[in-house]
Amino acid sequence: MPAPLNVTGHRRSLFSRVYDGLAEAVDRRIGWDRLPLPLGLLTLVGVRNVLRRRNLYDTRAEPTTDPPRARPWDPRHATWRTPDGSYNDLSDPAMGMAGTRFGRNVPLGRTLPEPEPAILTPSPRTVSRELLTREHFQPAPTLNVLAAAWLQFVVRDWVSHGPSPKEHPWRLELPDDDPWPQHPMTIMRTRPDPTRPPDAVGPPTFVNTQSAWWDASQIYGSDEASQAAVRRGADGKLRIGADGRLKLPSDPQLNPSRVPGFWLGLLLMGTLFTKEHNAICDRLKADYPGWTDEELFNHARLVNAALIAKIHTVEWTPAMISHPTTRVAMRANWWGLLGERVNRTFGRLFDDEALSGIVGSETNHFGVPYSLTEEFVAVYRMHPLIPDDWSFRAHEDDTELERRRFRELTGPQAAEVADRLALGDLYYSFGTSHPGALRLHNYPQDLQSFTRPDGIAVDLAAIDILRARELGVPRYNAFRRLLHLKPASSFDTLTDDPACARQLERTYHGDVEMVDLMVGLFAEPLPEGFAFSDTAFRVFILMASRRLNSDRFFTRDYTPRVYTRAGIEWIDENDFTSVLIRHHPELAPALRTVSNGFAPWLRGESTPSR
């Protein structure tokens, strides 16, 4: 019998088949996190190989009427990112661009949503109230709130289903004692795929309105009009006030604070990396004084986007999953197991990504056109990170300036807070406060009863539950099976908290197969140092590296020729802490002993005299 084909169509060697099979067996029997570091790393390599072969599915072959098409070719597309993400893959210009479909990490035949009434069973509102409501704040003590702000900042770069239609909403019947103001509760549906024929049958498809590439589109926009709106038009720079604050457009159609989900954390991150873009422009102009505004802007965008990707890979993710094995593994994604010092001193010594890192390697889609996936979106629903109560304090002496509820930091109110308080004090307050733990009974109360800028009242916890069902993401046990993990055989094996097991059993009427994905992720025991579940980690193993592997600007075109030597050095020499200190040197004392900017900063020691 011939050797099986892998996703790229090449025959897999006997060694690779045995290695991957052994890694999968060891992981299932023992668990990668219980192995010594070298064995844990070897096991994760095999697990990722299996996921790459068996958990990437393309939706573009599903029925379509008018798929998005890339703009006409321009020679500059060869070395610059386009506004909409087209021409990242020069042989498939529309791949990953704004307006293309989400892919899947599970077989398409397993993504059909349940029909009514099963899709509404148990009621998402019941799940929200009984299992997710924050009874008391459970902090994540190894992290600061900047980690929560960062998460939404990068998610805004990668994914959006677009605005929901207000017609034909989901209707959730409520018991008489439910305090929700309207009975029944209505939840708007996800926007239908505009490229799908109305009479098409089979697995549903949905469109990503953002560029799926790691291109900092949350700053630069995913179309020409949005990009033009943020550019200053001189020296390659972005618009920002003389006081260092972002000036949001007065036009409500262009103002991001009018878009649901906007809050102070997004504003702070957008401000910081707008300043970073402009600082990169100054550095490039010093080396290339004859460059045009267009040349400076596009090179600075490349550098800024890559720095954001580096920070997420080697700082944010290791802070969130601070197990000894994953800390090494995530840094190896960028620099390889040989490490940063070897990589920066000698460059890539080997073609192998495990030894010399993904960055600068050959572009690889693993046989499936690049996209982000609905399962990736589902496991990134991490709203418990948000505290309800916020204390803003002075960086100079830790004196409390004011207290706010989270609802007061959202929408247009975010800009009011940012204008009223010093930016250094805001970053300091975020850096010295803890986010919430990603556990049951820890969902922000302000998000369970929230009024959007357009006046619509929502229970975001109920929406999170319903969205996964609506988008055809399998429920928890089915999801684990499809990612080659053991399912929970009972509620007592799903969680290590007996009281929680009984609550789950009551809510899901004794059927562990009905447990929603997000509920299972928040209930299951965590590996050492992890802020999120091992089940979610499987999607990250696959997709975190894929965002780098598939992007030619992180692989074959990650070169001084494309980025400039100064650009590569900027990425190499900077991290989240250095970005913060460059634009807010007053924060240096609070960060002086912090090795990771997403870990808690020094509190009450922010002046040199202390």
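**Rings and core**

I started at Trp 334, which is buried at a relative accessible area of 3% (buried means under 20%, exposed over 50%, partly exposed in between; 1.4 Å probe, protein chains only). This is a predicted model: local features need pLDDT of at least 70, side-chain atom pairs count only at pLDDT 80 or more, and totals for chains, interfaces and linings use all residues. Residues are numbered from 1 along each chain as its sequence is written, and side-chain values use heavy atoms, with hydrogens and water left out.

Next I checked the partner ring. The ring centres of Trp 334 and Tyr 558 are 6.4 Å apart with planes at 80°, so the pair is edge-to-face. Rings of Phe, Tyr and Trp (its six-membered ring) pair if their centres lie within 6.5 Å; planes under 30 degrees apart count as stacked, over 60 as edge-to-face, the rest as tilted. Tyr 558 counts as buried at 13% relative accessibility.

I then counted aromatic pairs: the structure holds 31. One of them, Trp 213 with Tyr 370, is stacked at 4.3 Å centre to centre and 20° between the planes. This pair ties together parts 157 residues apart in sequence. Both Trp 213 and Tyr 370 are buried.

Last, I looked up Val 303. It is buried at 0% relative accessibility. Leaving aside neighbours within four places in sequence, Val 303 contacts Ile 280, Tyr 563, Gly 567, Trp 570 and Ile 571 (contact: heavy atoms within 4.5 Å).

How values were computed. Helices (H or I, at least four residues) and strands (E, at least two) are DSSP runs, numbered from the N terminus.
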